[in-house]
Amino acid sequence: MRKVPVPFPLITLTGIGVDDGGRERRAAVAAAGCWDGPVRRLLPPDPAAADLAPEDLPEVYAYPPDPGRPWVRVNFVSSLDGAVSVDGRSGGLGTPADKAVFGTLRRLADVVLVGAGTARAERYRGARRPTLGRDVPPPIAVVTGSAALEPDLGLFTDTFVPTIVLTTAAAPPGRRATLREAGAEVVELPDLAVATLLGELERRGMRRVLCEGGPGLHGDLIAAGAVDELCLTLSPLLAAGDAGRIAHGPAGRAPEGMRLATVLEEDGTLLLRYVRAAGRDRRIRRSGDVA
Ligand SMILES: NC(=O)c1ccc[n+]([C@@H]2O[C@H](COP(=O)([O-])OP(=O)(O)OC[C@H]3O[C@@H](n4cnc5c(N)ncnc54)[C@H](OP(=O)(O)O)[C@@H]3O)[C@@H](O)[C@H]2O)c1
């Protein structure tokens with residue numbers, strides 16, 4: 001039988017349930033909808049730095065200093081049984097720690113890339129807090145072939161910086177005009193292939209890319225070999241229902257390896273960060289290309 005190596009600190013530190021002194025306080029904090037830590041760092045094993053406060057998170061989630069190209073970080077929350085939503089939205093899966101990480105990731109990003117299905121389902125609005133070291137929040141960039149986005153979405157009416165709509169000239173002109181009138185920067189690209197999308201972001205100097213989904217766009221990024229990092233929150237919930245998982249898209253690709261980089265835990269919520277496996281260079285593939 002093949003032996004699967006398990007990192008020692010993960011075993012010891014996930015044998016929790018003993019130290020529950022903070023449970024009551026954490027429950028109160030959770031009920032209030034905010035999180036003040038501490039969380040335990042399970043990996044990398046550094047007992048001296050095991051407890052983290054929210055203000056430590058930017059260091060944990062720092063982007064590589066100069067990746068030389070857009071670095072694509074994807075962030076999702078999932079139930080234990082793999083549901084990506086409850087009643088069509090992800091809010092029912094969030095926990096205080098997940099919300100803290102979600103906010104931190106936005107504050108580290110140059111741009112938040114999102115598919116139109118998510119913007120519609122989650123009633124997206126603009127990011128609120130400035131990117132660290134800047135005066136303004138990162139813009140949301142929405143990918144849509146149809147340009148079928150309601151102009152009264154918070155994306156257009158409740159944002160500090162104009163939302164970028166990434167579409168093509170094939171989208172109905174009336175819809176594109178409506179979104180421009182609503183304040184969006186509508187960009188007509190030759191196509192919406194992943195290489196084209198990332199090329200446009202790079203052209204704008206946006207290298208710290210945070211993709212917040214949804215599963216359709218994530219599936220395209222995976223198929224193109226473009227995911228550098230996945231931040232996955234596992235919520236301690238069983239959801240069942242008919243929700244999909246965190247990616248769907250073209251079949252037939254061999255699964256690609258990712259390396260576990262960080263594991264944080266807070267009251268049963270696991271905050272996992274995986275990065276592209278060592279030795280696997282990113283080569284963006286167009287749909288249909290052979291890797
Ligand atoms: N749990 C989580 O963390 C999380 C995160 C995000 C979303 N979600 C959930 O996921 C669900 C939405 O799933 P979804 O798959 O519809 O989301 P999606 O990937 O955000 O949206 C898919 C849509 O985005 C556009 N799109 C994305 N990539 C494209 C590409 N490469 N080329 C052309 N168009 C592209 C298309 O829009 P057009 O139809 O306009 O052309 C497509 O129909 C919601 O229930 C949401 O709550 C959960």
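The model is predicted: local features need pLDDT of at least 70, side-chain atom pairs count only at pLDDT 80 or more, and totals for chains, interfaces and linings use all residues. Numbering starts from 1 along each chain as its sequence is written.

**Ligand shell.** The ligand is surrounded by 28 residues, each with a C-beta atom, placed from the backbone, within 6 Å of it. The closest are G115, G117, G213, G214 and G216. Helices (H or I, at least four residues) and strands (E, at least two) are DSSP runs, numbered from the N terminus.

**Helix α8.** This helix spans residues 194-203. Its residues V194, L197, L198 and L201 are buried, with 20 or more other C-beta atoms within 10 Å of their own, C-beta atoms being placed from the backbone. They sit on the same side of α8 because they cover an arc of only 90 degrees around the axis, taken from the directions from the helix axis to the C-beta atoms. Just after α8, G205 takes a positive phi of about 75 degrees.

**Core.** The largest nonpolar core has 61 residues. Such a core is a set of buried Ala, Val, Leu, Ile, Met, Phe, Trp, Tyr and Cys residues joined through C-beta atoms within 7 Å. V112, L113, A141, V142, V209 and L221 touch the most other members. Strand β3 gives the most to this core, with 5 residues.

Methods. Buried ≥ 20, exposed ≤ 12 C-beta atoms within 10 Å, placed from the backbone.
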